[in-house]
Amino acid sequence: MSVLVTGAGGYLASGLVPLLAQTQPVIAFSRGSQPVPSSDETAFPVVWRRGNLSDRRDVRGALAGVNTVVHLAGLKGTAACARNLRATVQANLVATGVLLE
């Protein structure tokens, strides 16, 4: 079994993914492209999956064989959230709901 980390391209996950990968298989899920791995990360392979947490098919595929989820994805920043409420609700509420289904 493995752990799924959502928001894997973000700041928090950039530190967490390599640590988790030292002890268990990690699936790093991100809506963007895979970051360039550091030399530490290449010692511990990580499976990168690109997808949208609001898409049930993407989420089902990412959850296959996973027994733990670390959910770090979301739209952050007060100004960004205030500018686009629809995107904020989609990224932070709808996506979390799909993940929990």
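## Ground rules

Buried means under 20% relative accessible area, exposed means over 50%, and partly exposed lies in between (1.4 Å probe, protein chains only). By that scale D55 counts as partly exposed, at 23% relative accessibility.

This is a predicted model, in which local features need pLDDT of at least 70 and side-chain atom pairs count only at pLDDT 80 or more, while totals for chains, interfaces and linings use all residues. Residues are numbered from 1 along each chain as its sequence is written, and side-chain values use heavy atoms, with hydrogens and water left out.

## Overall make-up

The protein has five helices and four strands. Both kinds of element are DSSP runs, numbered from the N terminus: helices are H or I with at least four residues, strands are E with at least two. From the N terminus the order is β-α-β-α-β-α-β-α-α.

Of the 101 residues, 31% count as buried. The protein exposes about 6400 Å², and carbon and sulfur atoms supply 57% of that area. Accessible areas come from the Shrake-Rupley method with a 1.4 Å probe; for residues, only the protein chains shown count as cover.

Contact means heavy atoms within 4.5 Å. Among contacts with a separation of 6 or more, 50% come from residues 24 or more positions apart.

## The sheet

The four strands form an open sheet. Their order is β3-β2-β1-β4, and the pairing is parallel. β3 (47-50) and β4 (66-71) stand at the edges with a single partner strand each, so one side of each is left without a neighbour in the sheet. On average, neighbouring strands are turned by 25 degrees against each other, direction ignored. Two strands pair if DSSP finds at least two bridges between them. Strands of a sheet pair through backbone hydrogen bonds, either parallel or antiparallel.

Helix α1 (residues 11-21) packs on this sheet. The helix touches β1, β2 and β4, and its direction makes about 175 degrees with that of β1. Axes are lines fitted to C-alpha atoms, for helices over the stretch in contact, and angles run from 0 to 180 degrees between N-to-C directions.

## Strand β1 and its partners

β1 (residues 2-6) runs parallel to β2 (residues 26-30), joined by four bridges. L4 stands opposite I27 in β2. T6 has F29 as its bridge partner in β2. On the β4 side, five bridges pair β1 and β4 in the parallel sense. There T6 stands opposite H71.

β1 is mostly covered, with five of its five residues buried. S2, L4 and T6 point one way from the strand. V3 and V5 point the other way.

## The N-terminal residue

M1 lies in the segment before β1. At 65% relative accessibility, M1 counts as exposed. M1 still touches P25, G65, V66 and N67, not counting residues up to four places away in sequence. M1 and N67 are 66 residues apart along the chain, yet their C-alpha atoms are separated by 5.8 Å.

## Salt bridges

The structure holds two salt bridges. A salt bridge is a side-chain nitrogen of Lys or Arg within 4 Å of a carboxyl oxygen of Asp or Glu. One joins the side chains of R57 and D55, at 3.9 Å from N to O. R57 is exposed, at 63% relative accessibility.

The other joins E101 and R56, at 2.8 Å from N to O. This pair links distant parts of the chain, 45 residues apart. E101 sits in the segment after α5, and R56 in helix α3 (residues 56-63). E101 is exposed, with a relative accessible area of 61%. R56 is partly exposed, at 43%.

## A nonpolar surface patch

L85, V89, L93 and V94 make a nonpolar surface patch of about 350 Å². Patches are made of residues with over 30% relative accessible area and no salt bridge; like charges are joined within 9 Å, and nonpolar side chains (Val, Leu, Ile, Met, Phe, Trp, Tyr) within 5 Å. L93 belongs to helix α5 (residues 85-100). L93 is exposed, with a relative accessible area of 59%.
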